[in-house]
Each structure stands twice: as structure tokens, then as C-alpha cells.
Amino acid sequence: MSVTRNASITLNRRGLLAGAAAVTTAMAAPAIVRAQGGMLKVGVLLPRSGAQAGIGQDCYLGVELANPIFKSIGLPELEIMSADTETNVEVARSRAEKLIADGAQLLVGAFDSGQSSAIAQVAEQKGIPFVINIAAAPPITEQGYKFVFRNFPTGPMIVGDALANQKEVFAESGSAPKTVVFMHVNDTFGTSMAQSLPNLLPKSNMPYTIKETISYDPTARDLSVEISKAKATGADALLVVSRLNDAILLTRELVKQRWSPMGILSMGPGWYEGQYLKTLGKLSDGPLSFVPWYDPNKKLSKQLEGALAKKYPGINMNTNHIYTFEALLIAADAHKRAKTTDPKALAEAVRMTNITDNVSPGPGISFDAKGQNVNLKNAAIQNRGGKLVAVAPKAAANAKVEFPMRPYDKRS
Amino acid sequence: VPAEIYLNVAISGLLTGLVYGLMALGLSVIFGVVRVVNFAHGEMMTVAMYIAVVLFARLGLDPLLMMLPIAALLFVVGYAMQMVIINPFISRPEHSQFMLMVAIAIIIVNSLLMIFGPDAQAVQTSYSFDSYALGPVIVDATKLYAGVAAILVAAALFAFFQYAPVGKAIRACADNYTGALVVGLDVKQLYALSFGLGAACVGAAGAIIVLLVDVTPPLGPAYTLLAFVIVITGGMGSMPGALLGGVLIGLTEAMAGLFFTPSAKSMFAFAILVLVLLFRPQGIMGKRLT
């Protein structure tokens, strides 16, 4: 017995290191395997409750459509870990930290610039790639971040494209406003858009001047004062950067205060959302949105549109679905090329993205050194009978613009 | 800015302020008699708003017509809450009462989230987009009806406390608790009635305000805060003060939005509160504390 024990001790002394190494390897193996293979765990952060709940829920439709399409085009499916930012910057930050702690290997989100900025800080600190679906404030990709990528135009890009498309619309209709009142939400997105406008307007040779700028709280419960003030300027048209709930409130006040501007020119969300069309019915017709959109002629656009129509009949495909879907497309494509879920390798793969078969207009998805896709192009869309039609640029248009819009009191 | 715009905005602020006042009246009644600060006040109003939304969506019933049934329902809820949950806390320290009411508020918000989800829900009546033009002045029809309804409910409440024997008993109870016990008033019952009346007020306000504002579960805390601003400005425990405070805050928000920037309109409401606390801590119509 003692011989055996001694022999065993002798053997174990030698074997101990080998054994320990084997055990360590065995224990570490799942982590290495997890880092190299298996499904990519993607933490999707969206404002699914609070003031932006409607838009956050809408974005999530893009998430629901992604995996079946990825499977059909030979991309790996993703394991989605969902988190609600509650339309709150601090909640967005803590939910991002929790998702990473729970094993998320890549983050996607968060519709809003303020929330996306907070998530970007967390992602950079933890070394986890973050693909922004929708957020336009320029500073997000000006910080020198290595793990943050944005497949959405910045505020100046949106404004620049919007002004060019507006000129095209005015030329097409033969009618243009001489003055506008500019109303914008006072959050990160609205403020960055408002800062971009004065720089770009003089260079764009627009037919109108801004009579007054009115900023307001996006969570405001009553916008009657704002519309009274706007109406008092006597401007021909309304230039807006808004969200969803306030777009509905603004329209209600326009009708109640009997002011029908010749056009509503939106450079943000709200006016094309399904909930806007559904809530306001015929009163939703007419506004023009100059926003990031999709190229209806692209193969993947048709596939995404078909999948949306099948799963959610009656819902118009919009920016929220498109750019959330594309953020996940970037993740799946990077995972396929990186052949690993290691965050550093994934970030490198995202940086090298070159997707030409995509949904948004322009040559495709690729990122510059700052992590920004600079190839994106916007479109002008108009609400028409509960549907959305593209009216500019001409190459991507499927209808002629109706401008000036029909006055509210002339609608049955 | 044309002169009629000032008038339009002032009328709009006044009408909105009347509804705010009705909401704050409930808080004032409860605090004035029961001496419990209802931190679930705004949340109770969102419950009333959701009841109005459901009745409108399912049965097509106009919230203005449903104002009294909803107020009656909230009265029962308030009465039961006071009898079962709050009465045991009446003699406990204020922080216990505070925690109880905050807990009730959180339970209400989360229950509403589970039942109705986070999306905003609205009531769109046949007159939702109507307005009256009196020369150059345009008055929002919904706000006008809401303001008139708020005046009627407030007048009924004042009349109840002034002329009804039970109303007088409640006032006696609020003025002198020991005296009320000595003369044989059932104070526990009167407290429950008072809480019920406060809840009924907030029920009526909820049915009215749902015509003006889309309801979401997180709306409650914002209205609780607003109700506190109003009653502190008007005078804690003073019913006319609550109504005056509501009108003052409604008007201040509206005019500040017009004169300065709409982004800062809430700031001016809080500025009024700070001024009142500095120069008349008991509120505009409140009794000086001894």
C-alpha cells in the first residue's frame, strides 16, 4: 500500500504539472471554444419603453427579421440578447455593462445619440465592438474610439443631403417656400442637427430663410405654445427635427390652431412612423421626410421588405427597420469573416467590412478610420394615403412629389 | 408677435391650469385632512386615464361622460386603500408613510407597464381636432371642455365641504383632530372618506386630462411632482390654493414658453415654487405655520 502510495507520489510529482496543465486546459477550453466558435452573442440595446418606446419597438422588428434572412444568404445566425434602455442615458449605460457582463460579444443600438454615446464609452472601455444602428450626433465617431462603428449618417450628412433633396423637390413641384420656421427637439440629436444647419444653409443656396428657431423638450406633453409661436412668425413652411410623440402633438396643434403651412419638411424621425400614420389617418398625409432610407432596387431591400410584409402585414418598411437590420448584417458578416467571437478580432473584421449587397442607398457598407460609413445617401419620402413614397433623389424615386401639401381644413 | 397670440396662449394656459388645479385639489384634500402626503397621486391619475382609454377603445364611451363613473370608482379604491393599507400607518413616523406611498406608486407604474405596455395610448374623440374661432382668438375645444369640467367638479367639491354635514365633519376633523374625537366623530371613517374624495378628484382629473395628453405608465411620477409644485405654491391643505396654484403654473408655463423659449417653460414653474418657498413658505393661500 505504501509502495503504491510512494509510486503514486512519484508519478504524481511528475504528472502533477502535466495534470494541472491538463485540468487548466480543460477548464479554459470552454472559454476558448466560446471565443472561437458558436453563435455570436449580440446585445441589442433599444429604447423599448419611455418617450421613444414606439420607435424602439419599431427598430426591434428589424431584429426579428434578421436571422431567417441571414440563414438564407449564407451568413451565420446571431444569438440576440435584448435590453431596454428606457429612453434614458444612464439606463443605457448600465444595461450595456450588464449585457457585456452576461456574455455579449458585440453590441448594437441604440437609436438615440445620447444613449449611443453612453454605450460607446462602455464598449470602448470594455473592448467590445459596438455597431450603431441609428444616431446622428457627429462627436460619437470623432472620439478616436477603436470599437465603435456607425452605419448611419451624421447630422451634417443628413442636413446636407436633406437640403439637396429639398431643392430637387422644389424644382420638381415648381413651388418653394420663401421662409420657414425651424422647430427642433432639444436632445443630443436635435441640438447637433440645429448646430449643423446654420453652417450648411448659406452654402446650399436655398430658396428660403429661417424666420425663427424654436427648440422644445421631446417629452413635452403640450406643444400648443410652440405652434402658436411658430404660426405667429407667418412663415411659409415648417422645417422640423422631431421624434414620434412630438410629431403627433405638433400635427394636432397645427390642425387645432388652423395653420396649414405649405409644407412640413422633416429631417428626422416621427413623421413617417407607422404609429404617426395610424394615429392621424388622413391628417398624416403630406409631410416630407428627408431621411436615411433604402434603395428599393437592391436585392436585399426586396427580401427585407417581403419578410416584413409577411410577418407584419400593413407595416411600411422604414429607417428603423432598415438600419437596425443592417447593423446586425454587419455583425453577422464580421463574424463570418473573423471566424471567431473574440472581440478584438471582431472589431478588426467590422473595420474591414465591405458589403455591397445591402439595403440602404449608396455603394454599400464600409467604414473609414473613424468607424463611420461615409457612403450613405438619404432620400425624400412623402406620406401619401397611409403609405410612404420616395420622391427624391430622382434615381430612387417611385412617385412625384405633391407640394404644397393639401391644407388640413380641405381634407374630408 | 401679434397681440391675439398672447391671448390664445393665455387662454390655453388658463384652461390647462384649471385641469392641473383639479388634479392637485385631490392631493390637497388628502393632505389637509388625513395629513398623509400621497406620493402615488400622479400614478392614481394614470390609472384613471387608462380606465378612460379602455372605456373609449372598447365601448366608445367619451371620457367626459365617463368622468363621474371613473371618479366614483376611484373613490371606492381610495376609500379601501385608506381603510386597509394607510390607516395602520397614520400614527407611524412620516418616513414610514412616505415609503408606503412610494411603494404603492412603484407597484402602480409597474402593474400598468405589465398590463398596457410602454406605448403611449390616446383617446381621439370626434372633437379632438376642433377649435372655436372668436375673431382672431382660437380656443381649443377639448381644452375648453376640460377646463369647464374641471370648474364644475371643483365647485361641487367646494359645495360639499361647505354645505354637506359630512363635508363639515371632515373639515372639523381637519381643523381639530382631538376635538373631533371628543364630539364623537368617527375619525377613521372620515379619513377614509377624505382619501376617497381625493382619489375621486384625481379620477375626474384623469378622465379629463386623457383628452389632452397621451398616457404612458411612466407619466405618473411627472404628475405627482407637478401636483406637489402646485399645492406647495397654492398652500398645502388649501383647496382654493390648489386651484389657484394650478392656474398659476399653467399660465406661467404657457407665457414663459411664449416670452422666452418653450424648452424652459418648466423651469419657470419651478422658479415660481422657489420664490413662494422663499417669501411665503406656507404657500399663497396656506395658513402660516405656528
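Is B:Asp175 buried or exposed? In this predicted model, for which local features need pLDDT of at least 70, side-chain atom pairs count only at pLDDT 80 or more, and totals for chains, interfaces and linings use all residues, side-chain values use heavy atoms, with hydrogens and water left out. Residues are numbered from 1 along each chain as its sequence is written, while chains are lettered from A and ligands numbered from 1 in the order in which they are written. B:Asp175 is exposed, with a relative accessible area of 61%; here exposed means over 50% relative accessible area, buried under 20%, and partly exposed in between, with a 1.4 Å probe and protein chains only. The residue belongs to helix H6 (residues 165–175) of chain B. Helices (H or I, at least four residues) and strands (E, at least two) are DSSP runs, numbered from the N terminus. Between B:Asp175 and B:Val33 there are 142 residues in sequence, yet their C-alpha atoms are 8.0 Å apart in space.

Among the contacts (heavy atoms within 4.5 Å) between residues of chain A at least 6 apart in sequence, 71% join residues at least 24 apart. The chain exposes about 16300 Å², of which carbon and sulfur atoms supply 55%; these areas come from the Shrake-Rupley method with a 1.4 Å probe, and for residues only the protein chains shown count as cover. Chain A carries 45 positive and 35 negative side chains, and the centres of the two sets lie 4 Å apart. In this count Lys and Arg are positive and Asp and Glu negative, with His and the chain ends not counted, and a charge is placed at NZ of Lys, CZ of Arg, CG of Asp or CD of Glu.

The interior comes next. In soluble globular proteins, nonpolar side chains tend to be buried together. A nonpolar core is a set of buried Ala, Val, Leu, Ile, Met, Phe, Trp, Tyr and Cys residues joined through side-chain atoms within 4.5 Å. The largest such core has 114 residues, and A:Val42, A:Phe70, A:Val169, A:Met183, A:Tyr208, A:Met267 and A:Leu328 touch the most other members. Helix H11 (residues 319–338) of chain A gives the most to this core, with 10 residues. Apart from it lies another core, of 86 residues, among them B:Leu27, B:Val137, B:Ala200 and B:Ala205. Beyond its neighbours within four places in sequence, A:Val169 is in contact with A:Leu288, A:Phe290, A:Ala380, A:Val391, A:Ala392 and A:Val401.

Strand S8 (residues 237–241) of chain A is largely enclosed by the rest of the structure, because five of its five residues are buried. Both faces are covered, with A:Ala237, A:Leu239 and A:Val241 on one side and A:Leu238 and A:Val240 on the other. Strands pair if DSSP finds at least two bridges between them. S8(A) is joined to S6(A) by five bridges, and the two run parallel; A:Val181 stands opposite A:Leu238. Three bridges join S8(A) to strand S9 (residues 264–266) of chain A, also in a parallel arrangement, and there A:Leu238 has A:Ile264 as its bridge partner.

A:His184 sits in strand S6 (residues 179–185) of chain A and is buried, with a relative accessible area of 7%. Apart from neighbours within four places in sequence, its contacts include A:Thr213, A:Ser215 and A:Val241. A:Ser301, in helix H10 (residues 299–311) of chain A, is buried at 0% relative accessibility. Its contacts, again leaving aside neighbours within four places, include A:Tyr294, A:Met317 and A:Asn358.

Some backbone details are worth a look. Most residues other than glycine have a negative phi, and most peptide bonds are trans. The bond from A:Ala392 to A:Pro393 is cis, with omega near -5°, as is the bond from A:Phe403 to A:Pro404, with omega near 5°. A:Thr87 has a positive phi of about 55° and is partly exposed, with a relative accessible area of 23%. Phi of A:Asn205 is near 55°, and A:Asn205 is exposed at 61% relative accessibility.
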